There are 2 protein chains.
Amino acid sequence: MLFLQQIYEIMEYFNELKATKIFSSASEFECQAMMFCFKTRFKTFDKNEKIITQGERMEDIILLLKGCAYVENTDILGNISIVMQLKKGDVYGVEGAYAGDDYYKDSVIATEKCLVLFMNKHRLINPCENRCKRHDLVIKNLMRLVAESNIKLLDKLTHLSKKSTREKLLSYLSSISEKTKSNYFEIPFNITELANYLSVDRSAMSNELSKMKKEGLIDYDKRQFHLFNNKLKF
Amino acid sequence: MLFLQQIYEIMEYFNELKATKIFSSASEFECQAMMFCFKTRFKTFDKNEKIITQGERMEDIILLLKGCAYVENTDILGNISIVMQLKKGDVYGVEGAYAGDDYYKDSVIATEKCLVLFMNKHRLINPCENRCKRHDLVIKNLMRLVAESNIKLLDKLTHLSKKSTREKLLSYLSSISEKTKSNYFEIPFNITELANYLSVDRSAMSNELSKMKKEGLIDYDKRQFHLFNNKLKF
DNA sequence: ATAAATTTGTTGTAAAAACAACATTTTTTA
DNA sequence: TAAAAAATGTTGTTTTTACAACAAATTTAT
């Protein structure tokens, strides 16, 4: 009964699985095998519903198949902060699982209607006895995800560790410039989001951007930026 | 010839390998097998010598077996910043390898005499055909390392994204308090290092700490801190 | 197409941080 | 153990930032 239900679910949601980084290269049959192997469950959540509750026992890693959610942490003093946003294809819990956490360190809350895949953490992170063929690949994909997240965090830290708003901006903009190999590029944030990303006051940042434009260091319009490296380099 | 040399090297350095997180559970024989599998090379570096050069083609992941080093990045504008410190047992290059980087994104420089193990990144991250028995475990250990690094970075980001020095301090101190499950604890930094970690001016931070002490929020002496939660919570 | 909501740029003010300079204490090392 | 080096605490000054308030522009929804 449960067995059949799972088969049906995978048939129903295979396209969503296929679209994720961690299952992208698996066939429907292989997905089925893994679904049993990882003891998966699909579940839908409404907007504002709690998908994961901070402090509860951590049995599963989740994969967001549809919708958006955010990771929220409440510290010992009761301060609540949004740790990150999750979108389609993102996972939560991998780091904790590998680091040996027994309890969820954050809550995950649906920003809109979500479809979530729960996977048993032990089954997922330990290559299985019967070596279901694609497990190694899933682990590698998982590792890539964590590695990429690491790189993003390190980038952000580089910017945030600059003292002034201007330095933060230049650190950010030049990193984008480096990535795109161009000094004319589009950023993935609007101004408000950028201020939020850099943890600075929006109006102060907007002000600083204006100054930099006046000084001829940069030019910008909406998300389109132009870095005048000749003015910046020595 | 080379073959014999490698055997000798592993015999010579087995204790160092054993002491690292990624090879801790492997026997000498298994280490030998893996060393061939990963095409390893041991190499020593003097103080201030460059172990890895930013921009060069990335073939290897390195594991620091003896000594200390630091990771240094030069951005597009020519600004140099220290990304992190490496100590015995730390690896560099794993994230880049999994993220598919072709070139080293940073330089690694020895702070003192170092012994370094170079491992071919492809061999290391792809479970091998002949399935040398411990490879899976090494990959899992590697993943744990990256996962833990991720958690640390996220922690630091939480603190740095606070706007005021006081908030940064409280965020940091309460996270330690949470980890140690006590409001009386020792921090792993001295005051100067803490200011550096939190990216704030040392003297300003010292001043802020004094104020907080006067206000009865905290008490401290050297690295020993006491958080008065009752004063902090609402 | 219009109204409503959101984002953006600007300004002035108050608060906070960086910076510099220095005396004192602590730690290191010769 | 003495001398040197490094870390720490304190203060005053200058610079920068956050914050608040608001008008203008842009985007979204109806």
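What follows is a chat about a predicted model with chains A and B.

Me: What should I know about the model and its numbering before we start?
Reply: The model is predicted: local features need pLDDT of at least 70, side-chain atom pairs count only at pLDDT 80 or more, and totals for chains, interfaces and linings use all residues. Residues are numbered from 1 along each chain as its sequence is written, and chains are lettered from A and ligands numbered from 1 in the order in which they are written.

Me: OK, the interface. How many residues of chain B are in contact with chain A?
Reply: On chain B, 37 residues are in contact with 37 residues of chain A. Contact here is two residues whose C-beta atoms, placed from the backbone, lie within 7 Å.

Me: Which elements of chain B give two or more residues to that side?
Reply: They are β5 (80–86), α3 (94–99), α5 (135–160) and α6 (165–180) of chain B. Helices (H or I, at least four residues) and strands (E, at least two) are DSSP runs, numbered from the N terminus.

Me: Which one gives the most?
Reply: α5(B), with 15 residues.

Me: And how do the residues on that side of chain B divide by class?
Reply: There are 18 nonpolar, ten polar and nine charged residues. Ala, Val, Leu, Ile, Met, Phe, Trp, Tyr, Cys and Pro count as nonpolar, Asp, Glu, Lys and Arg as charged, and the others, Gly among them, as polar.

Me: At what angle do α5(A) and α5(B) pack?
Reply: At about 30 degrees, with the axes 9 Å apart. Axes are lines fitted to C-alpha atoms, for helices over the stretch in contact, and angles run from 0 to 180 degrees between N-to-C directions. That angle makes α5(A) roughly parallel to α5(B), a label for angles under 35 degrees.

Me: Which residues make that contact?
Reply: Among them are A:Met143, A:Val146 and A:Leu153 of α5(A), and B:Met143, B:Val146 and B:Leu153 of α5(B). By class, the contact has 14 nonpolar, four polar and two charged residues.

Me: Now inside chain A. How do the axes of α5(A) and α6(A) cross?
Reply: They come within 8 Å and cross at roughly 145 degrees. A:Asp155, A:Thr158, A:His159 and A:Leu160 of α5(A) meet A:Lys168, A:Ser171, A:Tyr172 and A:Ser175 of α6(A). Those residues divide into two nonpolar, four polar and two charged.

Me: What about α5(B) and α6(B)?
Reply: Their axes come within 8 Å and cross at roughly 145 degrees.

Me: Change of topic: what is the strand order in the open sheet of chain A?
Reply: The order of the four strands is β2-β7-β4-β5, with antiparallel pairing. Strands pair if DSSP finds at least two bridges between them.

Me: Why is one side of β2 and of β5 in chain A left without a neighbour?
Reply: β2 (50–52) and β5 (80–86) stand at the edges with a single partner strand each, so one side of each has no neighbour in the sheet. Neighbouring strands are turned by 35 degrees against each other on average, direction ignored.

Me: How many bridges join β4(A) to β5(A)?
Reply: Six, between antiparallel strands, with β4(A) covering residues 69–74. A:Thr74 stands opposite A:Ile80 in β5(A).

Me: And what pairs with β2(B)?
Reply: Strand β7 (residues 107–110) of chain B, in the antiparallel sense over two bridges. There, B:Ile52 has B:Val108 as its bridge partner.

Methods: Parallel < 35°, antiparallel > 145°, perpendicular 65-115°, else oblique.
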